[in-house]
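Take each one a step at a time, and try it yourself before reading the solution.

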Amino acid sequence: MKKDRLGQISIMFICIILGLMLAVQFKSVQMVGGNVSVQKIQQLSEQLQKMNDENRALKEQVENFKEKMEDFNMALSDTDKAAEVLHKDLKMTKMLAGLVKVEGPGIIVALDDKDSKLSFEEDGEIEYMPNIISHEDILKVVNELNAAGAEAISVNGERVVANTEIREAGAYININARSYSKPFEIKAIGSPQDLEKALIMKGGVVDFLSSWIDISIKKVDNLIIEEYTGNIEYKYVQPATEDEG
């Protein structure tokens, strides 16, 4: 009887220990499973947010396309309307390419050499030499105006477009394959305040160039910039074909 009771007690302790071990193991699994679930939820939440943003952007594009389709559908039923829509799109394209005369508020920047500058010769003598405006000086002004949001720029009446070259050619500066010498007049259409501020900021273009160049800036309520009159011909570039697959 005693042996049977000891055996039962031993079995009971073993069952209790096994039960505790299973309970601890089950709890650990639950905790790991819970952590994985939280991470998964976060990933799914981020993916859902990304998809919502993409969906919102696509809806905006669809709305824009719908508006254009409505314009073209209306134009198709009316020959005059169709011509008007096409003319409007063509005019906008030409304006962006710099192929039409434009007007608007902006600034006029005048660049001219100072009368003279000091030049130290090898023998120590001082000689007064005339200053020369370089193509780099003009490019500095043009680049700063572009960075400040200028929507159209011209130099001495030459419209600055994507293929405009501004480079030195002997004593002259070539702009759109035409030669010019000082003084130079740069026109820019945009916010007069923003354009002027970009040039006269401390340590900016005017501070840098004013040591050897006379620079004046004039804000204008309305100025006219002529269209680009050079030749535009593409021999190698063509629209890329999109993959349909």
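A residue counts as buried under 20% relative accessible area, as exposed over 50%, and as partly exposed in between (1.4 Å probe, protein chains only). This is a predicted model, in which local features need pLDDT of at least 70, side-chain atom pairs count only at pLDDT 80 or more, and totals for chains, interfaces and linings use all residues. Residues are numbered from 1 along each chain as its sequence is written, and side-chain values use heavy atoms, with hydrogens and water left out.

**Exercise 1.** Decide whether Thr-164 is buried or exposed, then find its partners.

*Solution.* 
Step 1: Look in the loop between β5 and β6 (166–169) to find Thr-164; strands are DSSP runs (E, at least two residues), numbered from the N terminus.
Step 2: Thr-164 has 17% relative accessibility, so Thr-164 is buried.
Step 3: The Thr-164 side chain reaches the backbone nitrogen of Val-161 at 2.8 Å, and a polar contact of 2.9 Å links it to the side chain of Asn-176. A polar contact is a pair of N or O atoms within 3.5 Å; within protein, one must be able to donate a hydrogen and the other to accept it, and residues adjacent in sequence count only if both atoms are side-chain atoms.

**Exercise 2.** Work out the strand order of the open sheet of 5 strands and find its edges.

*Solution.* 
Step 1: The order is β5-β4-β9-β1-β10, with antiparallel pairing; two strands pair if DSSP finds at least two bridges between them.
Step 2: β5 (158–159) and β10 (213–225) are the edge strands, each pairing on one side only.
Step 3: β4 (residues 152–155) pairs with β5 over 2 bridges, and Ser-154 stands opposite Arg-159 in β5.

Note on methods. Helices (H or I, at least four residues) and strands (E, at least two) are DSSP runs, numbered from the N terminus.
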